[in-house]
Amino acid sequence: MSLYPYLLLPSLLLASMPASATSRMGAAAVVTEAGAPCFRIAQEEERSRGKTRLKRLFISEQRPSDWETIWVVTFPNASPGDPDYQLPNNGCLRYGDVPAGVEASQAKALQPGKTYSVGFMGRPPSASDPTSLYDAQFCVLADGAGGLRAVQLPRGERSRTDTSCEQHAVPK
């Protein structure tokens, strides 16, 4: 008895699966602009890979056992599978600000000292580049003028062990 019929179906299923298992995680950047955190794709990412086309941005707050999404931004695109929206050169998206033509949920207030995560879903210009998510963790500190100063946390460090946002703040 031939094994061909038994191997054909699994082979076809594997061949039809998307290559998402090989996707790469890119770096986002968090800066402070006008007293609020402002988000963009890290400059080194765009220098080496080109300008990222964006689908969605989400901000999550760290809870004791998981993460809760507190703000979602959906960028306008020609089709869901092919993003084309880009931030302006050297531009970022300020927390709670919604540019014209962009859909967003209501942004919850950020609390000084808490840990947050930013994630951009998007795609670099090259179809062969597997990057689909750009992320970073950050916290905020009160800036003394009624605003917040964003502090990006080092990549790879487990924020659950951080005792304070201040330990990562770089004096300005």
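Analyst: The link of Cys38 and Cys92 is right-handed, with 100° about the S-S bond. Cys38 lies in strand S2 (residues 36-41) and Cys92 in the loop between S4 and strand S5 (93-94), so the pair ties together parts that are 54 residues apart in sequence. The disulfide between Cys38 and Cys92 has an S to S distance of 1.9 Å; a disulfide here is a pair of cysteine sulfur atoms within 2.5 Å. Strands (E, at least two residues) and helices (H or I, at least four) are DSSP runs, numbered from the N terminus.

This is a predicted model, in which local features need pLDDT of at least 70 and side-chain atom pairs count only at pLDDT 80 or more, while totals for chains, interfaces and linings use all residues. Residues are numbered from 1 along each chain as its sequence is written, and side-chain values use heavy atoms, with hydrogens and water left out.

Cys38 counts as buried because its relative accessibility is 0%. Cys92 is buried too, with a relative accessible area of 17%. Buried means under 20% relative accessible area, exposed means over 50%, and partly exposed is in between (1.4 Å probe, protein chains only).

The structure holds two disulfides. The other joins Cys139 to Cys165, with 1.9 Å from S to S. With 90° about the S-S bond, this link of Cys139 and Cys165 is right-handed. Cys139 lies in strand S8 and Cys165 in the segment after S9, so the pair ties together parts that are 26 residues apart in sequence. Cys139 is buried at 2% relative accessibility, and Cys165 is buried at 3%. Counting bonded cysteines along the chain, the disulfides follow the pattern 1-2, 3-4.

The segment after S9 (148-152) also holds Leu153. Leu153 counts as buried, at 7% relative accessibility. Between Leu153 and Val30 there are 9.2 Å in space, C-alpha to C-alpha, although the two are 123 residues apart in sequence.

Two strands pair if DSSP finds at least two bridges between them. A hairpin of four residues connects S3 to S4, and Phe58 stands opposite Val72 in S4. Seven of the ten residues of S3 (residues 53-62) are buried, so this strand is largely enclosed by the rest of the structure.
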